[in-house]
Amino acid sequence: MATRLADRAGLLAWLFLLPSVLYIVALVAVPFALAIAFALSDVSAGDPSYDYVGGRNFERVFDDPVFWRSLGNTFVFTGISMVLIVVLGKVLANILVADFRGKWLVRFLVLLPWTTPVALSSISWLWLLDSIYSPIDWVLRFFGFLGPGENLYWLGQPGLAMTSVIAVHVWRLTPLAAVIMMAGLVAIPRDIEEQAMVDGAGYWRRMFEIKIPLVLPVAAVAALFGAVFTFTDMAVVRVLTRGGPNDATQVLASWAFYRGIEGGDVGQGAAIALFLFPLLLAAAIAILRVVRRIEVW
Amino acid sequence: MAVVEVRELVKHYDGGRVHAIDGVDLSAGDGEYLVLLGPSGCGKTTLLRTLAGLEVPTSGDVLIGGRVVTRLPPRARKIAMVFQSYALYPHKTVFANIIFPLRAQGVPPEERHRKVRWAAELLDIGPLLGRKPRQLSGGERQRVALARALVREPQVFLLDEPLSNLDAKLRASARDELKRFQAEIGTTTIYVTHDQVEAMGLGDRIVVLAAGKVRQVGPPVEVYDDPADTFVATFIGSPPMNLVTREGRLVGFRPEHLLPVEDVRSPDRVSVPLAVDRIEYLSGDRHVYGVASRIGEETRVVARLPATVDTPIAAGETHDFAVDARRLRFFDAETGLRAEPVRLEG
């Protein structure tokens, strides 16, 4: 009997892999190669012809203080967000796994920030943080923390603007981290927790000596996602502050966008965007190594 | 003195639809090895978890060391529990696993180390102290779990099927080890199992449970020889007790007491013609299956002939068997409970 296609495992493997390979080549490899090519050229919105210029774009980027500021902001933005996302994600995960009356409502509310389109939710935050009509200011005024007619200008002051951007971003990403860590918490055998109870451990000892160490590899994965999403994110910055005031909230992704797309200097935009790559690569490798070193089981 | 006592214990789940424990009274004396035996779903594990404080009973009380602990959390009960899975903390070394309950109790550091060394020596796991649980074999894990239970110097050990994760060969030696360990420590132990061999081998007394109720409590010999009802009679023993209906009663006899008539020396014997249909050879014994008559309604029964009985028996023939009358047990056909013995002719 002749061999059918279904018998040829090697060929089938290629066949089934093909769509994802095509997808990765078309949507990851090609744009990446294009970015490198553009970064070495003088392509701009006004003059799309390709001329090789070597490292000139990078030299100009290095001379630009806004680039250094964006780079620093990106690290601040990512570092603080990541810590908050992991810690709050763990707290929310505890709420997600808990069994209580009305838990479905709480679960729904916990997940809501993640399921809402970022553009919409950022716009509602834009209103909440409005310079004059901010409801947060109303509340502060009501309790006497602000004098009558006083405003905090959430998005108008450098420190507060960064705080706002981080807060909104954390608010948005925490549910994702919570769901990932919930999977980790649920995977801890009930026996282990009950054994700790029988062994005489109270709530905090069980939390810090048993649950957190066991959930650590999963928390590292949540942190990786958090870092990658934060590092490459510009939606919150774009909607809330457009990088302002005075580039105080400018991050690499938004700066690349303003330079390359809005400013029309595609070559420079590409050069700035390329800086995301080594940093992301380093973050991914670092966290994957942590995961392997912990090797709980 | 009773170290552990439960009074009229009831545990319902799902708003009373499931009766996991349905009015249980029990007590275990000082140093006693009490085995809770029953089929899965009989409530034995729920009972053990209630003793540990992992479940709160619907009603009734748990007393440990004469003190009512029903509402107390596990850590206030002076108990140690070994789970079926051993539940070793996978991220901690053997040493850190064993010392964990001592740290949780706030035992001073020198005292902790002294106790860990003592437990490690007793269970012969000194060389394993630096390893992680995943690097241990099943038997080693059991010993580590026991050491962790031991260092607390509890009033009671609660063991939940600790042998069921081991392979058959290891199980026998681990069972022996458990028994010797308890004899050496002398701590009251409550042991849950569905395996009657473990129960018979380990228990000072056996508690037979079914559907959340205690069917019988007694030493292994008593539970085996004088079952309180047909459930115990057929749950314990392999093959189980034969039951034959006769005039509103059930006549019960163990397979090893149904022997060829010439091997029953007692003058007071009841003869049972057996239409043999199948014979099995199992570790030297012959299990003879067939239909018994005369002793009651015709019923399929099993006889277990020890290797010392060499009467030739073949499938297809009817052979004269007999039971020593003193070995017969009688049960009420309706309730299944033990009934007064009657004299059978034959």
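**View 1. Buried residues of helix α2 of chain B.** In helix α2 (residues 94–105) of chain B, the buried residues are B:Val94, B:Asn97, B:Ile98, B:Ile99, B:Phe100, B:Pro101 and B:Leu102 (buried: 20 or more other C-beta atoms, placed from the backbone, within 10 Å of the residue's own; helices: DSSP runs of H or I of at least four residues, strands: runs of E of at least two, both numbered from the N terminus). The model is predicted, with local features requiring pLDDT of at least 70 and side-chain atom pairs pLDDT 80 or more, while totals for chains, interfaces and linings use all residues. Residues are numbered from 1 along each chain as its sequence is written, and chains are lettered from A in the order in which they are written. The cover over these buried residues includes α3 (109–122) and α4 (138–150) of chain B, and just after α2(B) the residue B:Gly106 takes a positive phi of about 75°.

**View 2. The side of chain B that touches chain A.** The contact takes 18 residues from chain B and 16 residues from chain A (contact: C-beta atoms, placed from the backbone, within 7 Å). On the chain B side, β6 (79–82) and α2 are the elements that give two or more residues, and α2(B) provides the largest share, four residues.

**View 3. Packing of α7 and α9 in chain A.** Helix α7 (residues 158–186) and helix α9 (residues 203–231) of chain A pack at about 145°, with their axes 9 Å apart (axes: lines fitted to C-alpha atoms over the stretch in contact; angles: from 0 to 180 degrees between N-to-C directions). Among the residues that meet are A:Leu173 and A:Ile180 in α7(A) and A:Val218 and A:Phe225 in α9(A).

Technical notes: Buried ≥ 20, exposed ≤ 12 C-beta atoms within 10 Å, placed from the backbone. Contact = placed C-beta atoms within 7 Å.
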